[in-house]
Amino acid sequence: MFSATNSKKAELSNDFYKTSILPFSGIIIKLCRAYTNSQEDFEDYFQEVCLQIWKSKENFREASEWSTWVYRISLNVCLTLLKKKKNNVQHFASDSVTVDETEDNYAFSDESLNQLYKAIRQLSEIDRAIITLYLEEKSYQEIAEIIGTNPNNIGVRIKRIKTRLKKILDGKIY
Amino acid sequence: MEKSIENIWKEGFLKSDALVAPKINNLYNQKSIHIIDKFRRMFKINLIAIIAFSFAFLVVSYFVGIPIAGALFFVTLTALVIINKQLLNGLEKIDKGVSSYQYLKTFNQWIQHQVATNTKFARFMYPFIFMSMILGFWFKDAEGTPLGERLVDEILYGFPDIYLIQGVPLIAIVVILLIAGLLSFFGGRIYRWDLNIVYGRVFKKLDELMADIEELKN
């Protein structure tokens, strides 16, 4: 009885993944890449985001669009994934991506994109989210709603982030 | 000509390898590594362990003749379980589909609430457990007489001038109250200290994330 219920739920989760998550996997991939610097971590993040979307689906309210809700879950999960260090000290995984560690252990075939991601990973966690959403052509209003802030200040912050990214890409900041 | 970051992004993701999703099977049976799920698992394991231990101690205390200690210990740990079960219910209600600020704020409030509640409880729990052990052994049957009374008789034999209050040496009352006071003073601190060693970095990071969003709000 237990295994039948279990396999049914597993099947349901597979269907849900194919129909409700996979069509939006692009943004999940792009966000997860901004918070990880290895293929292994990226896969952990991606799986965790999908798992949390599956587990939270009952909380979805039709007032917002499914895609916006997926952005929110993805970002919130990326911001608060835990990793344990050897001495049992817990920390947020995204916090462990330091400047020294931003060398990609995995890479896209496009070298410019690799360099851009490497630069993005040197930003603060919130700035990584803002620039990713901006590059996904989300409006200031949408970015502000996803992050939970004032849209008036998003434009100024994006300008600042772009200047910093440009400096990093030009090799002026290491 | 130098490409803008917008163009790097657009052109980079046009390539076929850029958006390949990792293969995921059987989502339902995956184990979460998310902080809320980890807290939830930790709470459940702790609560089950406390319940099992308090029952075991209750039974053992009966057989070793200190049922008062067992009963008081059981009551204290039951209160701890009830309080933490309520905290766990609050954790279940945190919605990850709201804005990041709202989500981080709700989670942070839950952490503050649980730390404050357990710190307060620890201040009472450690002295209470200590007192229950003292009472348990005091009233333990020692050949028809409570062990405490026999002990006082022994002390009076060696120190006949010792001052007693309700049949208990004053010095013993002072020492017991002093230890209970120290346990109360350090109980909450030990709990916070222990939590900070393991989760200190997480709590600091949560504050930083919220401060960053708040800066955008103003």
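A residue is called buried here if 20 or more other C-beta atoms lie within 10 Å of its own, exposed if 12 or fewer do, and partly exposed in between, with C-beta atoms placed from the backbone. Because Ala144(A) has 22 C-beta neighbours inside 10 Å, Ala144(A) counts as buried. The model is a predicted one, so local features need pLDDT of at least 70 and side-chain atom pairs count only at pLDDT 80 or more, while totals for chains, interfaces and linings use all residues. Residues are numbered from 1 along each chain as its sequence is written, and chains are lettered from A and ligands numbered from 1 in the order in which they are written.

Ala144(A) sits in helix 7 of chain A, residues 140-147. Helices (H or I, at least four residues) and strands (E, at least two) are DSSP runs, numbered from the N terminus. Leaving aside residues up to four places away in sequence, Ala144(A) touches Thr149(A), Asn150(A), Pro151(A) and Ile154(A); contact means that the C-beta atoms of two residues, placed from the backbone, lie within 7 Å. Phe16(A) is 128 residues away along the chain, and its C-alpha is 28 Å from that of Ala144(A).

As for chain A overall, it has eight helices and two strands, running α-α-α-α-β-β-α-α-α-α from the N terminus. Of its 174 residues, 39% count as buried. Looking at contacts between residues at least 6 apart in sequence, 56% join residues at least 24 apart.

Helix 6 of chain A (residues 125-135) is mostly covered, with ten of its eleven residues buried. After helix 6 of chain A comes Glu137(A), with a positive phi near 65°.

The contact between the chains takes 57 residues from chain A and 45 residues from chain B. On the chain A side, helix 3 (residues 39-56) gives the most, with ten residues.

Over in chain B, helix 4 (residues 100-138) has 39 residues and reaches 56 Å from first C-alpha to last, close to the 57 Å expected; the expected span is 1.5 Å times one less than the number of residues. This helix also has a kink of about 30°, centred on Ala122(B), where the bend is the angle between axes fitted to the seven residues ending at a residue and the seven starting there.
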